[in-house]
Amino acid sequence: MLSSLFSKKPASYGARIAPANVELKVGSKETLLQAALNQGIAFPHDCRAGGCGACKCRLVKGKVKELTDKSYILSAEELRDNYVLACQSIPRSDIEVDVELSDAATPVQTHQSPGRIIGLAPLTHDILQLTLALDRALPFTPGQYCELSPQDGPAAGVTRSYSFANVPDANGTSRNAEFFIRKVPGGQFTEWLFEQAKIGDSLDVAAPFGEFVLREASAPILCIAGGSGLAPVLSMLQGALQSQKRPREVMLILGVRSQRDLYMLDAIESLRREWPVGFDFMPILADEPAGSEWQGRRGMIVNHLAEVLGKSQGVPHAYLCGPPGMIDSCISTLEGSGVSAADIHFDKFLDQSHLAPAKKVA
Ligand code: FES
């Protein structure tokens with residue numbers, strides 16, 4: 001009895017992935033997907049935020065703590081068959097799951113480095129620009145994201161995913177990492193970052209992740225960013241400008257709630273000026289008080305898409321980053337307007353506390 005009162009949770013649990021018969025350790029604060037990717041296992045995934053279902057797997061044995069409600073992603077049959085989302089499942093015992101690995105012969109290469117905070121600057125009332133100096137240069141492509149985990153303090157060991165807002169050097173790596181981070185009320189990571197973190201604090205950084213990167217093409221580029229989803233979009237456009245590949249017309253839409261939520265306007269303006277061909281920027285405010293002096297567009301992004309597509313020089317390729325609702329509504333309108341599903345790329349992030357640990361806050 002006494003021993004059970006004082007027994008501690010194990011620091012990690014074992015996970016076996018069938019049918020490849022791969023075994024791994026999953027830390028007590030890690031999701032199954034995080035552990036698999038960190039250990040170079042090509043576990044299928046996409047959003048890492050419980051929003052796409054790409055990481056679903058059948059829980060054959062053991063128990064997991066689930067971080068989000070999976071019932072709107074999985075079918076009734078999958079729920080009955082005990083499917084879980086690996087990106088939202090933290091083992092609470094040794095487990096076994098059944099899933100076909102993406103390509104066991106090509107493990108995901110994750111790089112890691114400690115990083116030190118060298119910049120913490122407010123961009124809006126609830127978005128911070130975090131800049132890290134990395135001990136080792138990390139490789140990434142504009143649009144990709146990394147995992148951050150504070151080394152000390154109340155959020156030590158908590159892992160959150162954020163998109164890079166900067167661009168790598170010409171060799172594809174960077175010793176600096178920059179992020180736009182929105183405060184999540186009650187969120188362990190952002191409460192620490194906004195209230196206690198200071199210059200010099202250290203985090204562990206793992207990268208690169210995600211496939212939200214600009215594809216080679218000549219079609220116009222339509223970028224749609226919601227809130228802090230601007231980070232990978234700006235990185236992508238800055239990267240395209242620096243790479244000096246064939247210039248393409250750009251339409252950038254930034255959706256936020258009100259004027260006080262607009263940010264990086266100077267950076268967008270210089271990008272617009274330097275862009276060698278057409279570059280339009282359209283901020284859209286969803287909750288700007290009626291009667292304010294705002295002369296720009298109001299309402300939901302999706303309601304302005306027809307006009308944007310009408311002005312485009314051709315059928316654009318679309319890149320969307322923001323909350324799932326915004327992305328889903330825009331995708332259906334884009335597809336309904338003739339944009340091929342293959343030319344719509346998106347990165348959903350969830351910045352509500354109940355959807356926290358995996359991604360993404362762009
Ligand atoms: S739901 Fe897990 S990767 Fe998208």
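**Cysteines, a proline and helix 5**

Student: Hi! What relative accessible area puts Cys55 among the buried residues?

Tutor: Cys55 counts as buried, a class for residues under 20% relative accessible area, with exposed over 50% and partly exposed in between (1.4 Å probe, protein chains only). This is a predicted model, where local features need pLDDT of at least 70 and side-chain atom pairs count only at pLDDT 80 or more, while totals for chains, interfaces and linings use all residues. Residues are numbered from 1 along each chain as its sequence is written, and side-chain values use heavy atoms, leaving out hydrogens and water. For Cys55 the relative accessible area is 3%.

Student: And how many disulfides are there?

Tutor: A disulfide here is a pair of cysteine sulfur atoms within 2.5 Å. Cys87 is buried too, at 2% relative accessible area. Searching the whole structure for disulfides gives a count of zero.

Student: Which residue lies 5.8 Å from Pro114, C-alpha to C-alpha, yet 89 residues away in sequence?

Tutor: Pro114 sits in strand 8 (residues 111-122); strands (E, at least two residues) and helices (H or I, at least four) are DSSP runs numbered from the N terminus. Leaving aside residues up to four places away in sequence, Pro114 touches several residues, including Arg136 and Gln151, where contact means heavy atoms within 4.5 Å. The residue 89 places away and 5.8 Å off is Leu203.

Student: How many of the 14 residues of helix 5 are buried?

Tutor: Helix 5 covers residues 230-243, and its buried residues include Leu230, Pro232 and Gly239. Helix 5 is largely enclosed by the rest of the structure, because the number of its 14 residues that are buried is 11.

Notes: Expected span 1.5 Å × (residues − 1).
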